[in-house]
Amino acid sequence: MNNSNILHNDILKILKKSSKVLLTTHTNPDGDAIGSALALYHYLILNNIPTQIVISDDVPRNLQFLPDSKLVESYNPNRHNSYIKSTDTIVFLDLNEISRTRLLAPILEQSNAFKIVIDHHTNPKDFANLLYSDTECSSTGELIYRLISADDDFKITQNIAECIYVAIMTDTGSFRFPRTTSEVHRIIANLIDAGADPYKIYDFVHNQNPLKIIRLLGIALSKMQIHFNGKVCIMTISKEDFASTGTNYRDTEFFVERTLSIEGVEIGILLTEVFERGEFKISLRSKGEIYVNSLANAMGGGGHLNAAGATIKSTSLDSALQSLINQLKIKYN
Ligand code: 5GP
Ligand code: MN
């Protein structure tokens, strides 16, 4: 038995001994966050372990087709604090620091429950009792697959297969990012055999946009700026752009990818105004050996080598853009 099998068995043992489990994930949850949480939720419920998923935001519209996505609850202190206080195991999925749970962070920090992190982001912070981190891995969904597969008495159900499929599909950019290994494809083959339908799932996740989101994309594309001799492309979206299209920052999830489709661009950035919170969200993407995680770290964020992000405070979109360009100057000078 190798080391990761021991770790999987330890985690399964702890979960199976728990009387109440809380699953949580990061703010602005993506397909990997929601898919991983729901996959593990289904597994635990089928093993008769009382479990709740509580997160800081709500489930994005394009993931609401996932089985039992309605059971993912948005944190409300009045409704959830007593459950959280009485839980004996908390699993943090797809995050490397507790602050990524945003509104939940204070109560989770105080909790005496056994804390498990399952994640693939670089530089995991030491805040849990047990850390299952593999920064080489495509997605947290892939780790959940490995974990559940280590249970010899359990056969992956269609619901679980669909949730893990979404997690891996979204975090590999539909199987094209560098971490798309042959092992990922073998796992995907098993998930299809277990009932996940690639065509249906892709259609739900990517082809059900309201027109207003595509209109917003049009505005964002038309305003793209090129900097640093064509190496950096920056897309900005202001509160006026959101207002004129009736959208908000959560409707921009796949926009930043477009910046890397331009010849010569090695870093692509989306800067959006989160006017509800007076903040600016920065999404960073890069190609090959050009890394953006240090850039994100310098702005108080984090992420992966080729996909990272940060949230900053600033007085205006222009001044946020200027601080971003100043950070880039450090990298390019
Ligand atoms: P996205 O640009 O899609 O929001 O995020 C890209 C990656 O960077 C994700 O893996 C996400 O977890 C990470 N990331 C985005 N924003 C932040 C942030 O504010 N703090 C940290 N630590 N990571 C972030
Ligand atoms: Mn992920």
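At 22% relative accessibility, Phe228 counts as partly exposed, a class that lies between buried, under 20% relative accessible area, and exposed, over 50% (1.4 Å probe, protein chains only). Phe228 lies in the loop between β7 (225–227) and β8 (232–237), where strands (E, at least two residues) and helices (H or I, at least four) are DSSP runs numbered from the N terminus. This is a predicted model, in which local features need pLDDT of at least 70 and side-chain atom pairs count only at pLDDT 80 or more, while totals for chains, interfaces and linings use all residues. Residues are numbered from 1 along each chain as its sequence is written, chains are lettered from A and ligands numbered from 1 in the order in which they are written, and side-chain values use heavy atoms, with hydrogens and water left out.

**Ligand 1**

- Of the 15 residues around ligand 1, those that come nearest are Arg100, His121, Lys281, Ser283 and Arg285, a residue being near if one of its heavy atoms lies within 4 Å.
- An oxygen atom of ligand 1 is 2.8 Å from an N or O atom in the side chain of Lys281, and an oxygen atom of the ligand is 3.2 Å from an N or O atom in the side chain of His304.
- A nitrogen atom of ligand 1 is 3.3 Å from a polar backbone atom of Gly302, and the protein covers 85% of the 490 Å² of accessible area that ligand 1 has on its own (Shrake-Rupley method, 1.4 Å probe).
- The elements that give two or more residues to the shell around ligand 1 are β10 (279–286), β11 (302–303) and β12 (307–313), and β12 gives the most, with five residues.
- The shell residues divide into three nonpolar, eight polar and four charged, where Ala, Val, Leu, Ile, Met, Phe, Trp, Tyr, Cys and Pro count as nonpolar, Asp, Glu, Lys and Arg as charged, and the others, Gly among them, as polar.
- Domain 1 (3–206) and domain 2 (211–332) each supply at least three residues to this shell, with the bounds taken from an automatic or database domain assignment.

**The manganese ion**

- The manganese ion (ligand 2) is coordinated by Asp32 (OD), Asp94 (OD), His120 (NE2) and Asp171 (OD), at 2.1 to 2.3 Å; donors are N, O and S atoms within 2.8 Å of the metal (3.2 Å for Na, K and Ca), and water is not among the atoms, so sites may look incomplete.
- Asp94 lies in the loop between β4 (89–93) and α4 (105–110) and His120 in the loop between β5 (114–119) and β6 (130–133), so the pair ties together parts that are 26 residues apart in sequence.
- Asp94 is buried, with a relative accessible area of 1%, and His120 is also buried, at 3%.

**Loops and backbone**

- Phi of Phe228 is near 50°, a positive value in a residue other than glycine.
- Ser174, which is not a glycine, has a positive phi of about 55°; Ser174 lies in the loop between α6 and α7 and is partly exposed, with a relative accessible area of 24%.
- Thr180 has its place in the loop between α6 (158–171) and α7 (182–193), and its side chain reaches the backbone oxygen of Phe177 at 2.6 Å and the backbone nitrogen of Arg176 at 3.4 Å.

**A helix residue**

- Leu108 is found in helix α4 and counts as buried, at 0% relative accessibility.
- The C-alpha atoms of Leu108 and Ile84, 24 residues apart along the chain, are separated by 7.8 Å.

Definitions and conventions: Polar contact = N/O pair within 3.5 Å; in protein donor to acceptor, adjacent residues only side chain to side chain.
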